[in-house]
Amino acid sequence: MNNGYYAVMLNKESCDVVKPYATMDVVVGDHITLAYKPNNETFKKLNKLCGKKVDVYIKELRANKNIEAFWVNNMYLTETYKKLKRVDKGSAHITISHKKDFKSGDANTMFKR
């Protein structure tokens with residue numbers, strides 16, 4: 001899975017909550033990336049989580065003139081309430097929407113700890 005990514009996929013109800021906040025051309029609002037282009041170790045770790053439900057808590061809405069996203073405060077596996085974190089660099093977030101010439105990953109620039 002060298003070219004893919006692992007993410008928490010939002011269910012329809014959660015997408016319906018996120019998408020009304022979209023004000024830009026390309027509406028995303030459907031996932032939280034956990035690992036982009038994961039190595040084999042990360043792949044094995046995250047592959048075990050496929051199909052698990054996750055509770056997500058939002059910290060705040062951030063936006064600039066090109067992109068808008070929700071900053072994720074915490075994520076927990078619903079079944080065990082074990083904390084789930086983004087594996088690679090960057091903050092966990094839900095890209096809501098962006099302008100046509102931008103990518104969802106550009107939202108990372110708005111989240112510095």
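Reply: Let's start with the ground rule for pairing: two strands pair if DSSP finds at least two bridges between them. Strands here are DSSP runs of E with at least two residues, and helices are runs of H or I with at least four residues, all numbered from the N terminus. What you have is a predicted model, where local features need pLDDT of at least 70 and side-chain atom pairs count only at pLDDT 80 or more, while totals for chains, interfaces and linings use all residues. Residues are numbered from 1 along each chain as its sequence is written, and side-chain values use heavy atoms, with hydrogens and water left out.

My pick is β5, residues 67-77. Most of this strand is covered, with 10 of its 11 residues buried; buried means under 20% relative accessible area, exposed means over 50%, and partly exposed is in between (1.4 Å probe, protein chains only).

Now for the partners. β4 (residues 54-63) pairs antiparallel with β5 over nine bridges, and a hairpin of three residues links the two. To find your place in that pairing, look for Ile-58, which sits opposite Val-72 of β5. β7 (residues 93-98) also runs antiparallel to β5, joined by five bridges, and there Ala-69 faces Thr-95. Then there's β6 (residues 83-84), again antiparallel to β5, with two bridges. Tyr-76 has Lys-83 of β6 as its bridge partner. β5 and β6 make a hairpin too, with five residues between them, and Tyr-81 in that turn has a positive phi of about 60 degrees.

On to the salt bridges, meaning a side-chain nitrogen of Lys or Arg within 4 Å of a carboxyl oxygen of Asp or Glu. The whole structure has three of them. Glu-60 and Arg-62 form one, at 2.5 Å from N to O; Glu-60 is partly exposed at 31%, and Arg-62 is partly exposed at 23%. Another links Asp-88 to Arg-86, with the closest N and O atoms 2.7 Å apart. Asp-88 is partly exposed at 23%, whereas Arg-86 is buried at 15%. Lys-12 and Asp-16 make a salt bridge as well, at 2.8 Å from N to O. Both of those residues lie in helix α1 (residues 12-18), four residues apart, or about one turn of the helix. Lys-12 is exposed at 62%, and Asp-16 is partly exposed at 44%.
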